[in-house]
Amino acid sequence: MAEEDAKLAKVMVPVEEEKKKESRELEMMPKTKEDEVEEDDMSEEDRKLKDTLDLLVTQVLKNFAQPKDEALQKSALDKLRDHVRSSTSSMTSVPKPLKFLRPHYKEMKIFFEKMTSPNKKLLSDILSVLAMTMAEQNSRESLKFKLMGSNEPLGSWGHEYIRNLSGEIGVEYNERMKTEAKVTDLNKLIDEIVPFNMKHNADADACDLLMEVDQLEKIKAHITKDNHARVCRYLLSCADYLADTEDRSNVMEIVCTAYKTSGQLCDALRVAMKLNKPELVKEIFAESSAEGEDIGSITKQLALIVGTIKFPVGDMEDEIEDELFDLIGNEPLSELFTTLARELDVQDAKTPEDIYKTHLADTVSNRLQRSRASNVDSARKNLASSFVNGFVNAGFSTDKIITPKGSEWIFKNKDHGMISAAASLGLVYLWNINVGGNEIDKYTLSNQPNIKAGAILAIGICSAGITGGMGMALPLLQDYVENDNLTVRMMAILGLGIAYCGTGNKELSEDLLLNYVNLEGENKQTMEVASMACLALGMVFAGTADEKVTSAILDVFLESTDAQCEDSSAIYMALGMGLLYLGRGDECEAVTEATTATEKPISKYLTLTVETCAYAGTGNVLLIQKLLKAISEHIEDEKLNKHQVVAVVGLALVSMGEDLGKQMIVRSMDHILQYAEVNVKRAVPLAFALLSVSNPDVSIMDTLSKLSHDSDQQVSQNAVLALGIIGAGTNNSRIAGLLRQLSSYYARESNHLFLVRIAQGLLHLGKGLITLNPVLSDGLLLKTHHLEIERERDMKNTLLGKRHYMLYCLACGMRPRMLMTVDEKLKPVPVKVRVGQAVDTAGKAGKPKTITGFQTHKTPVLLAHGERAELASDYYKSMTNVLEGVVIVEKNPDALDEEG
C-alpha cells in the first residue's frame, strides 16, 4: 500500500507543479513595471480588496464534487458579482475590482468552458462584464458571455457596460444579417437596452443602437414630451451623415411625427419642408386649425414660416382662408420692415456717394489718378450708381436720385443701361406693392422700349415673394409676355419668374410661360427668349420636379442646334432645369441620363448643373468626388471645358450649409487655385462666395482679397464681386475698407470699378437690414431659391455685357435679417431677448446653454449669421422655438412680472 501511495505521489507532483507554473504565468503575463509600482503604492484598503477578490476567485475555480460545495461556489460568485456590480454602476476610470481581476480573466475563461454546474450562468454574467476591459479587440466576448448568462436586468451592471454591449450588438447584428442568421436573441437585448437608455437620459445611445440595427421605428414608443426635444435634435444632426437618401427621409419622418405628437407643430413644419413634402405641410396646417373655427396664433405662425421659406403649398391655396393666404404670401412684410427701420432709426435715404466714401480714399496718388484722363465713361458710372442706389435703399420706398418728383436719372443712362436703371425702382419699392405699383406703372407707358422693359422688370422685383391675394405681378405682366418687342417680352418673363419664385403657381406654366419654351412649330421663339422662359419656369417651380416643365425644357435642349447651344443665353436653360430639381436628390437621374445620352456642346454643362442643384446642401461625398475628378482633367479648348466651371461652383453648392464640409471644400479650393487650368480658377472666387453668403468669414475674405489683385482679369473681377456677396447686408467695416482700396487701385479700369461699386452696394444691402444668407431655422433649412447668384459666373455676358439686369435675380433671396415679435393681430410687441452665438447642443447631456456670449436687447433686433435668440424671461411665450423673422408671442398666464 505504501508503495502505491509513493507512485501516486510521484505522478501528482509534476501535475501540481505544472498547474502552479501555469498560474504563475497567468499572474505574471499582464504585469508591467507600472503594475509593480502600483502594487507597492497600494493602500491598505486596496490590498485588502485584492486579497478578498483573489480568495473568491480561488473558491470559484475549485472543482467541487459535492452539492454542498456548489452552494459555496455560488456564494463566492454572488460576492464576486456584488463587488463588480458596485464598482461599475458609475465609471469615471477603470474600477479597482476589474483591475485586480485582470490576471484571473484567462483562467476563469478556461474554467468556464469545462464548467457544468448550474452556477455557469452566474460566472458567464461576470465574465461578460470583465470582457469589457480585458477581451481582445473585435472578439465580442462581452456579448458572447451575456447571451450564455442569466436573465438578470442589464441595467444593474451600469451605463458603461450597456454602452459597450450596444457596440458589440451592432457589429454582431450586421454580420448575422449578411449570413441571414437568426437575430431573435439580439432583438431581446435591444428591447431591454433601449428603454433603459431612454429612462436614464442616454437618448443618443438609444438612437445610435437602433440606427445601427435598422430598427429606428422602435424609438417612437419611447419619445415623450420631456425628451422629444433632445431626441429630435440628435436625430436631425445624424440625418445629414446618412449615405442613403431613403434612410435620411425615414429619420426625418420619425422626427416630424415626434414633433407633431408632442404638440410642436412649428418644428414639425420645418422638418416637413426639409423633406419637401407638401402633403405633410397640409396635414400640419389641418391639425393646427382643427381645434376651433377661428384662425389661432399657431396657424398664423405656421403661415409666416412657410412665407419666409417660400415653400410651394400647391393646391392648399384653395382650401385655406384669405387671411392665411396673405400671410403665406408675405403681405405684411413691407409694413413690418418699415417698423424695423423706424425702430433702428435708419429711415433716411442714402446716396451712392454715401456708400463710396471717396473722401476716405483721398490720398496723393488718388488725386493724381483723378487728375489724369479717366477711361470710365459716365454712362457706366451712372449704371453702377443705379444698382448701388437700389441695393442700399432696398425696401425703404424712398431714395434721393430716382423717386423724387421730376427726377431724370433714368435718362442719364444709355440704351440697355436704362433697363437696369428703371428696374432699380423695383428694389427701392421692394415688398411695397401698394405704393410701388403706382409709382412704377407710369414708366410702363414710356415710348422707349428699354425704359418700358425696365419698369416691367421692376414690377416683378417689387413683388418678389409677395404672392398673396393682393399680388399684382401676374395681372400686370401677363399681357406684356406677348409683346412684339423681344426685350419687353423677356423682361416680363423674367419679372414673373422673380415675383413667383418658389411658389409653384400653375397659372404661370399652363397659360403663359410654357408657350414660350419652344424652338419649333407655330409659336417658334429665339434661343434667348426660350432660355429665359426655361429659367423663369425653373424659378417658379424650384424644387418641385414638375413633369410638364421638365418635358418642355428637355424638348428645347433636344431641338436646339449646336449653334444655339453655344449661344451665351443657353446657360439659362441649363440653370432652369437645375432649379427645377433643386434638393430633389436621386429624382434627377432620369433627366441626367437623357442629357448624357445626347452629344451636344452643352450636354456635360447641363448634366452637372442638374446634379449639383439636386444635391445642393447635402454634402453628398460621391458627387463631390465626381466633381473633383471633372475639375482635374486638363482641357485647354474653352468650348469643351465649360462644364468644369459648373463643377467648381457645384462643389460649393453641394457642401454649403454644413460647417465640416465647408472647411474641406475651402481646402480643396486652395489646391484648385494652385494646380488647375485658368478657366477653372476663374470660378473659384464665386465658389468661395457661395460657401459664405452674407457671412464675412475672415479666412475666405483674406483669400478673396489676394485674388482681387490677380493677374488674370476674370479672376480678379469675380473676386471683387465675391467680396460683395460674402458681406451682403452686413456693413462689414473690413470689407468696406478693402473695397475702397480696390476702387482706388482700379480707378482707370472701367469694368473692375463697375464691379467694385456693385460690391459696395451689396455690402450695404438695405442699409444692413437685409441679408442674402440662405440658411434658416438654426441651419435646418436652406432657402434654395437664393442660389440664383450662380448665374453671375459668366461675367462677360451678364454684368459686363448687356444682361446686367440679371443681377436683380438676387431679389429672390433677399429677406430682413430681423427678429420681430408681434401679437396675434401682427402688431409689434417689444420683448426682452438674449442674442448670442449659437451653440450646437445635439447629443449633449442635461440642459446645456444654447447660446454663448449673449447680450440682452428689446425686439426688434438684427440677427447675424450663426447667431441665435431666446426669450430673456417667461413673461411672454413664443409660438415657435426658433426665434427668427416674425414671431408671434402671447403673455404667459403663469408669469408674475415682466422681469420673470
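How many helices and strands does the protein have? The predicted model has 42 helices and 11 strands. The legends below start with the whole chain and move to close-up views.

**Figure 1. Overview of the predicted model.** The protein has 900 residues, and 55% of them are buried. Its accessible surface comes to about 40,900 Å². Carbon and sulfur atoms hold 48% of that surface. Among contacts with a separation of 6 or more, 71% are between residues 24 or more positions apart.

**Figure 2. Packing of helix H21 against helix H22.** Two packed helices are described by the angle between their axes and the distance between the axes. H21 covers residues 378–392 and H22 covers residues 417–428. Their axes are 8 Å apart and meet at an angle of about 10°. Because angles under 35 degrees count as roughly parallel, H21 is roughly parallel to H22. On the H21 side, the contact is made by Leu383, Ser386, Phe387, Asn389, Gly390 and Phe391. On the H22 side, Gly417, Ser420, Ala421, Ser424, Leu427 and Val428 take part. By class, the contact of H21 with H22 has six nonpolar and six polar residues, with no charged residues.

**Figure 3. Ser378 in helix H21 and its distance to Lys414.** Ser378 lies in H21. Its relative accessibility is 52%, so Ser378 counts as exposed; the cut-off for exposed is over 50%. Lys414 is 36 residues away from Ser378 along the chain, and the C-alpha atoms of the two are separated by 9.7 Å.

**Figure 4. The largest nonpolar core and the surroundings of Met814.** This core has 285 residues. Ile219, Ile498, Tyr805 and Met814 are the residues that touch the most other members. Helix H28, residues 527–540, gives the most to this core, with 11 residues. Leaving out residues up to four places away in sequence, Met814 touches Phe391, Leu427, Leu430, Trp431, Leu765, Ile770, Thr771, Leu772 and Lys783. Phe391 and Leu427, which Met814 touches, also belong to the contact between H21 and H22. A second, separate core has 15 residues, including Val831, Val833, Val861 and Leu883.

**Figure 5. Asp247 in helix H13 and its distance to Asp214.** Helix H13 covers residues 245–261 and contains Asp247. With a relative accessible area of 35%, Asp247 is partly exposed. Asp214 is 33 residues from Asp247 in sequence, and the C-alpha to C-alpha distance in space is 9.1 Å.

**Figure 6. Lys310 and Ser694, two residues with positive phi.** Most residues other than glycine have a negative phi, and most peptide bonds are trans. Lys310 has a phi near 60°, a positive value. Lys310 is in the loop between helix H16 (297–309) and helix H17 (322–328). Its relative accessibility is 10%, so Lys310 counts as buried. For Ser694, phi is near 50°, again a positive value. Ser694 is in the loop between helix H38 (684–691) and helix H39 (698–707). With a relative accessibility of 4%, Ser694 counts as buried. The cut-off for buried is under 20%.

**Figure 7. The cis peptide bond between Thr859 and Pro860.** Omega of this bond is about 5°. Pro860 sits in the loop that runs between strand S7 (851–858) and strand S8 (861–862).

**Figure 8. Asp840 in the loop between strands S6 and S7.** Strand S6 covers residues 832–838, and Asp840 is in the loop between S6 and S7. At 57% relative accessibility, Asp840 counts as exposed. Asp840 and Ile851 are 11 residues apart in sequence, with their C-alpha atoms 8.6 Å apart in space.

Key:
Residues numbered from 1 in each chain as written. Predicted model: local features only at pLDDT ≥ 70, side-chain atom pairs only at ≥ 80, totals over all residues. Heavy atoms only, no water. Helix = DSSP H or I, 4+ residues; strand = E, 2+ residues; numbered from the N terminus. Buried < 20%, exposed > 50% of the residue type's maximum accessible area, 1.4 Å probe, protein only. Contact = heavy atoms within 4.5 Å. Areas by Shrake-Rupley, 256 points an atom, 1.4 Å probe, with all protein chains shown as cover. Axes fitted to C-alpha atoms, helices over the stretch in contact; angles between N-to-C directions. Parallel < 35°, antiparallel > 145°, perpendicular 65-115°, else oblique. Nonpolar A, V, L, I, M, F, W, Y, C, P; charged D, E, K, R; others polar. Core = buried A, V, L, I, M, F, W, Y, C linked by side-chain atoms within 4.5 Å.
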